[in-house]
Structure formats: C-alpha cells, structure tokens
Amino acid sequence: MKSLNLAWNCIRGKGAIAFAKGFANKSDEGWLSSMFAHKVDARKDAHSNLLSKKDTSNLYKIQFHNVKPECMEAYNKMSDEVQKELHRDADYPCEVVGSWNTWYGEQDQAVHLWRYSGGYPALTECLHKLNRNMVYLAFRKERSKMLISRCNQLLLEFSFWNEPAPRSGPNIYELRTYQLVPGTMIEWGNNWARAIKYRQENNEAVGGFFTQIGELYLVHHLWAYKDLQSRQETRNAAWLKEGWDVNVHYTMPLIQKMESRIMIPMEHSPLQ
C-alpha cells in the first residue's frame, strides 16, 4: 500500500514531469512510442500516374445530359450533325468515342464519351477553337433550350483495361459507376488488374476509367453485350471462374455507392 501511495504522489506532484521526460528520452523502440507511432508507407506518386496508361496521353471527358422528353429526338439529330462535323475536321484534337441514350436507369438522358489525344493541352486547344466556331456556338445555344441539366467529368483510363475502339452492332452498353471510399483507388486498381482477365471471353470489356475532375474517387466500367440475356449469361459465367469471387470479396468493401445504366447507341456513335 505504501508503494502505491508513493506512485500516486509521484504522478500528482512534480515527479510527473520527470516521469514524462524519462519516457520521452527513451528510444523509439519503447512501448510508449509503439502505442502512438503509426507508420505508413509513403506514397511514391499520385494514383493517376500509378494507374493510368503510360504509352498514351489520352484524356477522356464524359458528359451526362438530361433532356426534356419532348426534345429527345431533336437533340439526337442535332448532336449527330455537329459531332460528324467535328470528326471531319482534323484541326480538332478530339473525337467522340461513343454516344448513347439511357434505356434503363435515368430516363431521357444522353451520355457522350470524348477522347482528347494529347491530354490537358489538347482539351484546352479544343475548347479555344470551339469558342471561335460559330456553328458550334449556335448549336450550344440551341441545345441549352432542350436540356434540364447537364454535368461532365474528366477521366483517365486504367492501364490494364481495353482501349475503347469502334465496334459494329447491334449492341447494348452498360455503364457501371462506382463511388469508392476515398483513399482506396490503388487497392481497387490492384484487384481489377487481376480480375479483368475473367471478363474478356465475349469481348464485353470496352473501357475502364477513373475521374480526375468532377466527382472524385469515381470509377466507370463500360461493357458491351448483344442483349440483356447475353449480359446475364456473361456475368453468370464469370462466377464459374476460379478467382472472380475473390475479386468481388475484396472490392465490395471499397464501394460507397454503385449504379448501372443500360444504354442504346445513337445512330452516329462509333461504338454500335
């Protein structure tokens, strides 16, 4: 009991200062430092550099346009004309990868995926030229009357995913969007770098992207199927392959929210 009282007085009195200093002077290997030191491996680079393709400098933009229902047909026709014009003009360092109308998901919606060859400088060059293009400015003004809302995001493509390339149809397309827990993009990429091999047999993998500007820690996977029945069969077949279940097990905890859109290509879309 006497020793306990001495210890208590030490902590209450001036001895507490010496007590703390004594521990502070101990080496980092002591038990106190092990309680409070949280060692984390330093990040060597941004995840945009670690996960994106090194052999290209492509930047992507995805647009979501919510169209007034009564304007959908006119919107599609006008978009077709303007996008064809831009494709014919080699002076613009951009191209439309695909254009769709949402079939299942948010209704009366158009989705456009653009590629800028040359990254951010190409995007800036293209914007400057479009702002001097009177035909495009007239189109944008007319288009604004047809829209309820719109948003866009700038994307990079995952290094291990297929490069989006034109394909013949008819196909339906699924855009699966994942909102990840902040800080988990590297883990997501590591898992999908192994998992993508399970989803190649039917040529369904079109492209995989992650946001750079817009809503962050957002991933888009784009898939193509002949129809909804083919989609179901292809997805079910993945579960028969050893290793696919492991990917799902490790990636599900990384997801905060997910969404699926089934989309139909517009007439002028390179992805049919």
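**Group meeting: a barrel and its helices**

Let's start with a helix pair: helix H8 (residues 185–195) and helix H10 pack at an angle of about 170°, with their axes 10 Å apart. That makes H8 roughly antiparallel to H10, a label for angles over 145 degrees, while under 35 counts as roughly parallel, 65 to 115 as roughly perpendicular and the rest as oblique. Axes here are lines fitted to C-alpha atoms, for helices over the stretch in contact, and angles run from 0 to 180 degrees between N-to-C directions.

Who makes the contact? From H8 come Glu187, Trp188, Asn191, Trp192 and Ala195, and from H10 come Trp244, Asn247, Tyr250 and Thr251. Contact means heavy atoms within 4.5 Å. By class, these residues are 5 nonpolar, 3 polar and 1 charged. Nonpolar covers Ala, Val, Leu, Ile, Met, Phe, Trp, Tyr, Cys and Pro; charged covers Asp, Glu, Lys and Arg; the others, Gly among them, are polar.

A word on the source. This is a predicted model, where local features need pLDDT of at least 70 and side-chain atom pairs count only at pLDDT 80 or more, while totals for chains, interfaces and linings use all residues. Residues are numbered from 1 along each chain as its sequence is written, and side-chain values use heavy atoms, with hydrogens and water left out.

Now the overview. The protein has 10 helices and 8 strands. Both are DSSP runs numbered from the N terminus: helices are H or I with at least four residues, strands are E with at least two. Of its 272 residues, 44% are buried. Buried means under 20% relative accessible area, exposed over 50%, partly exposed in between, with a 1.4 Å probe and protein chains only. Take contacts between residues at least 6 apart in sequence: 82% of them join residues at least 24 apart.

Next, the barrel. In what order do the 8 strands close into a barrel? The order is S1-S3-S2-S8-S5-S7-S6-S4, and the pairing is antiparallel. Two strands pair if DSSP finds at least two bridges between them. On average, neighbouring strands of this sheet are turned by 35° against each other, direction ignored.

Look at strand S5, residues 172–180. 9 of its 9 residues are buried, so S5 is largely enclosed by the rest of the structure. Both faces are covered. One side carries Ile172, Glu174, Arg176, Tyr178 and Leu180; the other carries Tyr173, Leu175, Thr177 and Gln179. On to its partners. S5 pairs with strand S7 (residues 218–225) in the antiparallel sense over 8 bridges. There, glutamine 179 stands opposite leucine 218. Another 8 bridges join S5 to strand S8 (residues 255–265), again antiparallel. Arginine 176 stands opposite serine 260 in S8.

S8 also meets strand S2. 4 bridges join S2 to S8, and the two run antiparallel. Threonine 102 has methionine 263 in S8 as its bridge partner. Of the 11 residues of S2, 8 are buried, so S2 is largely enclosed by the rest of the structure.

S2 (residues 94–104) also pairs with strand S3 (residues 109–117), antiparallel over 7 bridges. Serine 99 is bridged to histidine 112 in S3. Valine 96 has tryptophan 114 as its bridge partner in S3. How many residues lie between S2 and S3 in their hairpin? There are 4, and glycine 105 in the turn has a positive phi of about 125°.

Which helix packs on the sheet, touching S1, S2, S3 and S4? That is H5, and its direction makes about 10° with that of S3.

H5 has a helix neighbour too. H5 (residues 72–88) and helix H7 (residues 134–144) pack at an angle of about 165°, with their axes 11 Å apart. H5 and H7 are therefore roughly antiparallel to each other. Tyr75, Met78, Ser79 and Val82 of H5 touch Tyr136, Phe139, Glu142 and Arg143 of H7 as the contact. The residues of this contact divide into 5 nonpolar, 1 polar and 2 charged.

One last spot. Where is lysine 241? Lysine 241 sits in the loop between helix H9 (228–238) and helix H10 (244–251). Lysine 241 and tyrosine 198 are 43 residues apart in sequence, yet 7.0 Å apart in space, C-alpha to C-alpha. Lysine 241 touches Tyr198 and Glu201, not counting residues up to four places away in sequence.
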